[in-house]
Amino acid sequence: MSAIQPAAVDVAMVPWLICADGEAELCPVRLQYDPDDPWAVTLWFGTREAYTGDPVMWAFARELLAGGLHEVTGIGDVRVWPWVTPGAEHVAVSLSSPDGTVVLKFERRWLLGFLYRTNVLVPPGEERMDLDAMEDNLLRRRRELPC
């Protein structure tokens with residue numbers, strides 16, 4: 001079973017899930033950022049009681065999310081772009097897998113607030129990885145796996 005892991009920035013949001021037929025429904029999600037993995041953000045959805053199964057998790061570049069506030073970014077599995085309508089500023093996040101594509105429509109101000117908090121922790125361009133800590137973590141996980 002998947003579990004949502006604690007992170008340094010952990011924000012609950014309720015964007016619109018845009019369905020293939022054009023209908024939309026609210027979909028609770030969590031956006032997380034951990035300075036131990038400074039280039040990535042993690043998005044979890046499907047965590048409400050009404051959803052069945054384990055939450056779905058996507059990790060992608062923080063830079064991709066930030067760029068998508070202003071222009072179309074990403075190729076392949078994750079794409080982000082501004083979705084501006086009269087009187088409203090949103091950002092679309094498209095997630096594709098062999099099982100299908102999901103489009104989430106966020107209020108732009110929510111993502112700006114989230115990214116601001118991540119940038120306070122690790123400013124863009126100052127990302128660093130503690131390779132010793134990463135190696136220790138990987139070795140610890142390997143020891144915990146059943147053989």
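The model is predicted, so local features need pLDDT of at least 70 and side-chain atom pairs count only at pLDDT 80 or more, while totals for chains, interfaces and linings use all residues. Residues are numbered from 1 along each chain as its sequence is written, and side-chain values use heavy atoms, with hydrogens and water left out.

**The second largest pocket**

- The second largest pocket holds about 210 Å³ of space; a pocket is an open set of points on a 1 Å grid over the protein atoms alone, where a 1.4 Å probe fits, with protein on both sides within 12 Å along at least five of seven lines.
- Its volume is the space filled by probe spheres set on the points, with grid points joined across faces, edges and corners.
- The second largest pocket is lined by 13 residues, of which Arg 62, Glu 63, Ala 66, Asn 119 and Pro 124 are the closest to its centre; lining residues have an atom within 4 Å of a point.
- Both α1 (62-67) and α2 (108-121) give at least two residues to this lining, and α2 has the largest share with 4 residues; helices (H or I, at least four residues) and strands (E, at least two) are DSSP runs numbered from the N terminus.
- By residue type, the lining has 8 nonpolar, 2 polar and 3 charged residues; Asp, Glu, Lys and Arg count as charged, Ala, Val, Leu, Ile, Met, Phe, Trp, Tyr, Cys and Pro as nonpolar, and the others, Gly among them, as polar.

**Ser 96**

- Ser 96 sits in strand β8 (residues 88-97).
- Its relative accessibility is 18%, so Ser 96 counts as buried (under 20% relative accessible area; exposed is over 50% and partly exposed in between, with a 1.4 Å probe and protein chains only).
- Leaving aside neighbours within four places in sequence, Ser 96 is in contact (heavy atoms within 4.5 Å) with Trp 58, Asp 77 and Thr 101.

**Salt bridges**

- There are 4 salt bridges, each a side-chain nitrogen of Lys or Arg within 4 Å of a carboxyl oxygen of Asp or Glu.
- Asp 10 pairs with Arg 30, with their closest N and O atoms 2.8 Å apart. Asp 10 is in strand β1 (residues 9-13) and Arg 30 in strand β4 (residues 29-33), so this pair ties together parts 20 residues apart in sequence.
- Arg 62 and Glu 127 meet at 2.9 Å, N to O. This pair joins helix α1 to the loop between α2 and α3 (131-144), 65 residues apart, and both residues are buried.
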